[in-house]
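Q: I have a model open and want to learn to read it feature by feature. Where do we start?

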There are 2 protein chains.
Amino acid sequence: MRKRGSEELQGKTVTARHKMPAGFGPSALKSYLDERLARVNAYLDGCLPEESRTPETLHRAMRYSLFSGGKRIRPVLVIAGAEAVGGKSDQVLGLAAALELIHTYTLIHDDLPALDNDDYRRGRLTCHKVFGEAVALLAGDALLTKAFELLSNPKEFPSVPPERLLDVAGQIARTAGSTCLVGGQVVDLESEGKQVDLPLLEYIHVNKTGGLIVTSVTAGARLCGAEQQSLRALARYGECIGLVFQITDDLLDVIGDRETLGKNTGGDRVRGKATYPAVLGISESRSRAGELTGMAIDHLAAFDERADPLRALALFLHDRDR
Amino acid sequence: MRKRGSEELQGKTVTARHKMPAGFGPSALKSYLDERLARVNAYLDGCLPEESRTPETLHRAMRYSLFSGGKRIRPVLVIAGAEAVGGKSDQVLGLAAALELIHTYTLIHDDLPALDNDDYRRGRLTCHKVFGEAVALLAGDALLTKAFELLSNPKEFPSVPPERLLDVAGQIARTAGSTCLVGGQVVDLESEGKQVDLPLLEYIHVNKTGGLIVTSVTAGARLCGAEQQSLRALARYGECIGLVFQITDDLLDVIGDRETLGKNTGGDRVRGKATYPAVLGISESRSRAGELTGMAIDHLAAFDERADPLRALALFLHDRDR
C-alpha cells in the first residue's frame, strides 16, 4: 500500500522529519562509509586468490571487476543492518564480502554480449572487453562460487552458531536464484522492447535488484541474532530503498551526467528497457523515490540511534548522482 | 608415482584380480544404478521449481539441461561413497543432487559460443541452441546457485550436524571454484592450439573434472561421518577414476561412435584441445586407463563388500562407450 503524508513530495525533496538524523550528517556518513569500506575492501583483498595464482588470467579478471570502484552498497547495508541490532562490523565482514562477490558476478554476466553487451562500467572497460568473453563468464562463475565458499567457512564467523550460518547462506542462495535475482534478470530481458506496466516493472526490480538489497540489510542482523520483529522492519526498510535505488538508477540513465556516472547514459531507452521514467514519467518517478525514502525511514521508528547509518544511507541513495 | 604390476596392461584389459567383484557383476551393477538413478532423478525433479513457475523460460531451460540423459556419475559416486562407509543413500540425496546441478551448470556454460560453441550434447541441441545464449547463461548461474541452496538447507540433511554440512559445502565450493574446476577450465581454454605436455594435461584434468569426481566420492562418506583414513582412501580412488574418466572421454572423441555418444567426434582435434591420445598416443592412453583402474580398485582394499559398487563403477567407467 502506498502511504502518503499530508504534504505532497516533490522532486528530490523528502519531508523535513526525514532529514539527516541529528548528529549523523553528511560528514558523519562519509566517515562511516570510508571506515567500513576500508574494512570490506581489505577483507575482499584477503579472501580472493592473488593475481599470481594459477590461472593468473582468471584471478586478474576476478580482481579487476571486484576492485573497479564499486559503491559497495550491499556490504555497507550488511554492516549497518548488523550494527542497528547491536552487532559489530567484524562479525559480518565475511557476509558483506559474499554479497559483494555475488553482486559483482551479476554485473560481469549482465555486461556480456549475450545480455546487455556493455563496453563500459564505472568508467572502465567491462571485464569481457579486457579479458575476453570466456574468461569473463568464468570469472563471474568463480566469484559466485567464492561467495558460497566464504559462507560455508565457520572460521570466518567465529561467534556464529553453525545452524544460523546455514540459515543465512540459504537465504542468500534463495535470493540469488531462479525465483528471485536470476529470475528478475530473465523477465527484464524478456520485457525489452515491450510495453511494461508498473506491476511488471516492480516485479522485475523487486526480484532483480531488490531481493539482494533486502537480504543485505537483514542478513547481517540475522547473523548477529536479531529477533523476528527487527528483521521484519529491516526487510520493509530494504524493500523501500531497493526500489529507490532502482528508480534513481533509471533516472540517472535519463538525466545523469556521463562523466560522473562513468558510463554512457540513454542506454535503457535505446534497448527499450522497462524503466520508471518510461512508465511513470520523470516527475512521478522522482516523487515516488522521495515517498519510498520517507517510508524506509519510517520503518526504522522502533530502532535507536544505532540505526542512524541506515537512515542516512536511505537519504544518500535517494540523492546520489552516480 | 606410477605403480605397475608384473604384467603390462594392454588395451582395455585390466588385471584378473580387478575383474568385477564376486556377486556384483554387470547385472547387479545395472540394478544398482537403475535404483539409485531413479531416486536421484526423483529428488532433482522435486527440488527444482516447476516449468510453470515464473520465469517459465528459465525454469524450462534449467530442466531441459538437467534432464537430458546425463549419466549421473557424480550422484552415483556420492551414494556409493556413502554406502561404502555404512551410510544410506537417503542421507545423501541432497548432496548427490547438488553435485549434479553443479556439473550441469558447467556443461551449459562450456557449450556456450564464447567457450566450446557446441551445438549438440547427448544427442540433443545444447541449452543455448534451444533457449538462446542469455537464458542458457542465466540457467547455468541459477543451477549453480540452487546447488548451494540445497547445501544450506538442514531439512535436506536431517541427521547431519550443521557443522558437518558446512564442512561438506565448503569442500564443494572450493572444488567448484577458481583454483580447481573453473581454474582447470581456464587453463584448458588457454592451452587450445598449443603444445601440451603430460604434466600440464594432468593439471587440467585433475582440476577441471577430477576435483569434482574426488569430491563426489568423498563428500557422501564425509556427510555420513567417515573417518579420515577412509576418506583418504576414497580420495585416492576418486583421483584414479577421475583420470580414467577423462582418458576415456578423450579416446571416445577419437575412436568412439557418433550415434552412441550423441555428439560429433573429432571435436577435440579440430579445436587443438589438449587430450591424452594427442599427448600419449591411443595405445599408451588405453594402457594408462587400465593401469589407473587397477590402482583405483587397489585403494579400496581395506573396504568390505559395501564398496563393491565403487569397484564395479571403476570398471564400468573404464569400459564405457559413451
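A: Start with burial. A residue is buried if 20 or more other C-beta atoms lie within 10 Å of its own, exposed if 12 or fewer, and partly exposed in between. Keep in mind that this is a predicted model.

Q: Which residues of H15(A) are buried?
A: They are A:Asp308, A:Pro309, A:Leu310, A:Arg311, A:Ala312, A:Leu313, A:Ala314, A:Leu315, A:Phe316, A:Leu317 and A:His318. That is 11 of the 12 residues of H15(A), a helix that is mostly covered.

Q: What covers the buried residues of H15(A)?
A: The cover includes H1, H3, helix H10 (228-255) and helix H14 (282-298), again of chain A.

Q: How do I check the length of helix H15 of chain A against its residue count?
A: At 1.5 Å a residue, the 12 residues of H15(A), 308-319, should span 16 Å. The end C-alpha atoms are 17 Å apart, which agrees. Now try H6(B). Its 19 residues should span 27 Å, and its end C-alpha atoms are 28 Å apart, which agrees too. H6(B) is also mostly covered, with 18 of its 19 residues buried.

Q: How do I read the packing of two helices? At what angle do the axes of helix H1 and helix H3 of chain A cross?
A: Look at the axes, then at the residues that meet. The axes of H1(A), residues 26-47, and H3(A), residues 73-84, come within 10 Å and cross at roughly 110°. That makes H1(A) roughly perpendicular to H3(A). From H1(A), the residues are A:Leu33, A:Arg36, A:Leu37 and A:Val40; they meet A:Pro75, A:Val76 and A:Ile79 of H3(A). By class, this contact of H1(A) with H3(A) has 6 nonpolar, no polar and 1 charged residues.

Q: Is B:Gln246 buried or exposed?
A: B:Gln246 counts as buried, with 22 C-beta neighbours inside 10 Å. B:Gln246 sits in helix H10 (residues 228-255) of chain B. Beyond its neighbours within four places in sequence, B:Gln246 is in contact with B:His205 and B:Thr209. As for B:Gly25, it is 221 residues from B:Gln246 in sequence and 24 Å away in space, C-alpha to C-alpha.

Q: What about backbone geometry? Which residues does a cis peptide bond join in chain A?
A: Read omega for the peptide bond. In chain A, a cis peptide bond joins A:Thr54 and A:Pro55, with omega about -5°. A:Pro55 is in the loop between H1 and helix H2 (56-66) of chain A. In chain B, a cis peptide bond joins B:Thr54 and B:Pro55, with omega about -10°.

Q: And phi? What is phi of A:Arg72?
A: Look for a positive phi in a residue other than glycine. Phi of A:Arg72 is near 55°, such a value. A:Arg72 lies in the loop between H2 and H3 of chain A. A:Arg72 counts as buried, with 21 C-beta neighbours inside 10 Å. Phi of A:Asn117 is near 55° too. A:Asn117 counts as partly exposed, with 13 C-beta neighbours inside 10 Å.

Q: Last, the two chains. How many residues of chain B are in contact with chain A?
A: Count both sides, then ask what supplies them. Here 45 residues of chain B are in contact with 46 residues of chain A. H6(B) gives the most to the chain B side, with 12 residues. By class, that side has 24 nonpolar, 13 polar and 8 charged residues.

Q: How are the copies related?
A: Two copies of a chain are related by a rotation about an axis and a shift along it. Here a rotation of 180° with 0.0 Å of shift superposes chain B on chain A, at RMSD 0.0 Å. The two copies are thus related as by a two-fold rotation axis. Of the residues of chain B, B:Pro162 comes closest to that axis, at 2.9 Å (C-alpha). The copies meet through the same surface, because 100% of the interface residues of chain B are also interface residues in chain A.

Notes: Residues are numbered from 1 along each chain as its sequence is written. Chains are lettered from A and ligands numbered from 1 in the order in which they are written. This is a predicted model: local features need pLDDT of at least 70, side-chain atom pairs count only at pLDDT 80 or more; totals for chains, interfaces and linings use all residues. Two residues are in contact if their C-beta atoms, placed from the backbone, lie within 7 Å. Helices (H or I, at least four residues) and strands (E, at least two) are DSSP runs, numbered from the N terminus. Ala, Val, Leu, Ile, Met, Phe, Trp, Tyr, Cys and Pro count as nonpolar, Asp, Glu, Lys and Arg as charged, and the others, Gly among them, as polar. Copies are superposed by least squares on the C-alpha atoms of residues with pLDDT of at least 70 in both. Axes are lines fitted to C-alpha atoms, for helices over the stretch in contact, and angles run from 0 to 180 degrees between N-to-C directions. Angles under 35 degrees count as roughly parallel, over 145 as roughly antiparallel, 65 to 115 as roughly perpendicular and the rest as oblique. The expected span of a helix is 1.5 Å times one less than its number of residues.
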